[in-house]
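Here are my notes on this model, as numbered points. Please keep the structure open while you read.

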Amino acid sequence: MTIPDCHQAHPLLSAAIDGELDPAAQAALDRHLAGCDDCRKALEEQKAFRDTLRSVLTRHQAPDGLHARLMASLPEEKPQPTVSSRPRRRWSHGAWAGSALALAASIVLFVSVPSHQDEMTRELVAAHVRSLMPGHLIDVPSSDQHTVKPWFNGRVDLSPPVPDLSEAGFPLLGGRLDYIEERPSAVLVYGRRQHRINLFVWPEPGRDRAVGQTQRNGYTVLSWRQGDIAYAAVSDLAAEELADFRRLWQGKAQEGP
């Protein structure tokens, strides 16, 4: 088996990372990688992305007492008549196996379905980490708010405010399009020394919501909703600095152009 070009090699990279290629395909890919710098670089980037996601994703453990509550909720099999006058509760092998399977399924369901807030935080942090990979941070690089703001026209169903915070030490770097909960989101990118701040903005009708703060794997997420628009600022900045950014941004945004 031979791999003549990068076009055929790229679809095999993710399978190679997961060890899913058969020996012949793996050997052919290795021969191609030995002479192709671009594919080797793409392979390393995919490995780094996988490792980053593994560091971001977390397991959810069932709380104490769940096992006891689930066992208590299972129906008991009626006792079989015996020669003894004292009734005894007996579990047939089939009933026990069925109950055990139900218990296992309940625990798996509980553990594998995090709360909406947990899922949103995970998605925002993953999008932030993904943006830090080479070539993913900015679609429209500009420090001019009058360039960044109109770029979103026709790409998202809103026109986000783009205040200039350079004098406060948070220069505008540009903007990009991302997806949160399978919906397009405008993302404003600001800087703070060597750090990056992603401010996600997307339509979300509902009541105004006060600022909430969550932490995940060293990243801080500040989220709030105002006027049918949801906002979320994500960064590895100290929580206090990110809170300062949020207050400055919201204050300038309310002032208007």
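1. Start at Gln226. Its bridge partner in E7 is Ile229. Strands here are DSSP runs of type E with at least two residues, helices are runs of H or I with at least four, and both are numbered from the N terminus. Ile229 also stands opposite Pro203. Two strands pair if DSSP finds at least two bridges between them.

2. A word on the source. This is a predicted model: local features need pLDDT of at least 70, side-chain atom pairs count only at pLDDT 80 or more, and totals for chains, interfaces and linings use all residues. Residues are numbered from 1 along each chain as its sequence is written, and side-chain values use heavy atoms, with hydrogens and water left out.

3. Stay with E6 and E7. They run antiparallel and are joined by seven bridges. Trp224 stands opposite Tyr231 in E7. The two strands form a hairpin with two residues between them. Gly227 sits in that turn, with a positive phi of about 60°.

4. In E7, six of seven residues are buried. Buried means under 20% relative accessible area, exposed means over 50%, and partly exposed lies in between (1.4 Å probe, protein chains only).

5. Now step to E5. E5 and E6 pair in the antiparallel sense over six bridges. Gln213 stands opposite Leu222 in E6. This pair is also a hairpin with two residues between the strands. Asn217 is in the turn and has a positive phi of about 50°.

6. E4 (residues 195–203) in turn pairs with E3 (residues 183–192), antiparallel over seven bridges. Val189 stands opposite Asn198 in E4.

7. As background, strands of a sheet pair through backbone hydrogen bonds, either parallel or antiparallel.

8. What lies across the sheet? Axes are lines fitted to C-alpha atoms, for helices over the stretch in contact, and angles run from 0 to 180 degrees between N-to-C directions.

9. H1 (residues 6–17) and H2 (residues 23–34) pack at about 120°, with axes 10 Å apart. That makes H1 oblique to H2. The classes are: under 35 degrees roughly parallel, over 145 roughly antiparallel, 65 to 115 roughly perpendicular, and the rest oblique.

10. Which residues of H1 and H2 meet? Cys6, Ala9, Leu12, Leu13 and Ala16 in H1 meet Gln26, Leu29, His32 and Leu33 in H2. The contact residues divide into seven nonpolar, two polar and no charged. Ala, Val, Leu, Ile, Met, Phe, Trp, Tyr, Cys and Pro count as nonpolar, Asp, Glu, Lys and Arg as charged, and the others, Gly among them, as polar. Contact means heavy atoms within 4.5 Å.

11. Last, the whole protein. It has eight helices and seven strands. Of its 257 residues, 35% count as buried. Among contacts between residues at least 6 apart in sequence, 58% join residues at least 24 apart.
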